[in-house]
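Open the model in your viewer and get ready to select residues. This tour goes from ring to ring, then on to the backbone.

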Amino acid sequence: PDAMISDGADLWVASSFQVTEISADTGKTLRALHTRAYGFNNPDALALAGGHLWVTNNDGNSVTEIDAATGKPVQVLHGRGYGFFIPDAVAPDGQDLWVASATSATEIDAVTGTLVKTLNLNYPFSEPTEIASDGTHVWVTNSIGDSVTELDGVTGKPVQVLRGHGYGFSSPGDIASDGTHVWVVSQLESRVTEIDAHTGAPVQVLHGRGYGFSDPASVASDGTHVWVTNGTGDSVSEIAAATGKPVRVLRGRSYGFDSPGAVASDGTHVWVINARDDLVTEIAAATGQPIRVLRGPGYGFSNAGAIASDGSHVWVTNFRSDSVTEIAAATGQPVGVLRGSGYGLVNPVGVASDGTHVWVADDSDAGGSVTEIDAVTGQPVQVWRGPGYRFDTPAGVAADGSRVWVTNPPDDSVTEFPA
């Protein structure tokens, strides 16, 4: 079964190519609706409104209207005007009905089935990979389009697409925002673009020997410092957030850098994953000095890929062992390696934390999922998956305490859901 709904007396269940009506009192089947007149094609969502049962047909790009009292088909809504494309959710709103599709939201008169309006939700993404949120804005890098899409952090609506010579984007990858500045890495050209977070205008493109960029892989900012890892330089570049000027290039044996990748900062500590050796380097944000190199079986690092810190905890995804390592930010000591069926981790690739929740993006073969973890206890809360989220090999994840944002590169989309 894909969906069910009840009016207190009867229960309707959607599955494959039919909808079954069941008595809520006795549990007996009253009727099975499945003839061609219903136009069912992978019915996916149900709603009751205006005395009718409404069924979305995910593969048929249509909506079936049924008389709830008799079970007779009224009509099958389809055609260009409705804008249905993989409709997968439906909800009543007073006299009207809303149908959500991959690229649109359609409003229908619940009494007559007449089209009221179609809202185009076709967002300007082009293989979106990385994402950052500061609570007001959401910034998404488009690796193919050499651009960054800005979304309104409250409404989720597109604000603008940043592109052009002034931004200097070249297959933009990682991105970070501190609410004032946005920093975008262009790995192929070894440069970092600074953007004004309030206007989206380019401030400057950082490049040159003073920055020490060498195949820059990741960026993090705490509002005072900006940290950029250099994958082939075995180093980390520190930049002053206020001016964009280089401060120092961190390198040397004491840092333990070896193909440094993902980086996170909470303003006090900086944490850097070294992909080749499966270790994490902790750095003092105030001085840039190394504190310790975290390694050993207690950490459970196994193809460590993504990292996040909320000031109290550090979270590291382990792609090979389907787990997440929790570290105490104050001491650098391992707290635990989170794994098991309750976490639902198969291929964890992204992680974000708002201090209360931890969100782990997983690009499993089943389409993908996001696991929510309690940041205080490390216990799994729930695993978010299913057609309603439209996850498609999720890559990046960001959270601001109110909302969670997940990029789906193959689908050219971003999934938003409440935190």
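Rings of Phe, Tyr and Trp (its six-membered ring) count as a pair if their centres lie within 6.5 Å. Planes under 30 degrees apart make the pair stacked. By this rule, this predicted model holds 12 aromatic pairs.

**Stop one: a stacked pair.** Select Tyr-167 and Phe-169. Their ring centres are 5.3 Å apart, and 20° separates the planes. The pair is stacked, because 20° is under the 30 degrees cut-off. Now show the surface. Is Tyr-167 buried or exposed? Tyr-167 is buried, at 10% relative accessible area. Phe-169 is buried as well, at 8%. Buried means under 20%.

**Stop two: another stacked pair.** Select Tyr-211 and Phe-213. Here the centres lie 5.2 Å apart and the planes meet at 20°, so this pair is stacked. Both Tyr-211 and Phe-213 are buried.

**Stop three: a cluster.** Select Trp-359, Trp-384, Tyr-389, Phe-391 and Phe-417. Together they form one aromatic cluster.

**Stop four: the backbone.** Most residues other than glycine have a negative phi. Now look for exceptions.

Go to the loop between β2 (10–15) and β3 (18–23), and pick Ser-16. What is the phi of Ser-16? Ser-16 has a positive phi of about 45°, though it is not a glycine. Ser-16 is partly exposed, with 45% relative accessibility.

Next, find the loop between β36 (380–384) and β37 (397–399), and select Thr-393. Thr-393 is not a glycine either, and its phi is positive, near 50°. At 33% relative accessibility, Thr-393 is partly exposed.

Methods. Residues numbered from 1 in each chain as written. Predicted model: local features only at pLDDT ≥ 70, side-chain atom pairs only at ≥ 80, totals over all residues. Heavy atoms only, no water. Phe/Tyr/Trp six-rings, centres within 6.5 Å; stacked < 30°, edge-to-face > 60°. Buried < 20%, exposed > 50% of the residue type's maximum accessible area, 1.4 Å probe, protein only. Helix = DSSP H or I, 4+ residues; strand = E, 2+ residues; numbered from the N terminus.
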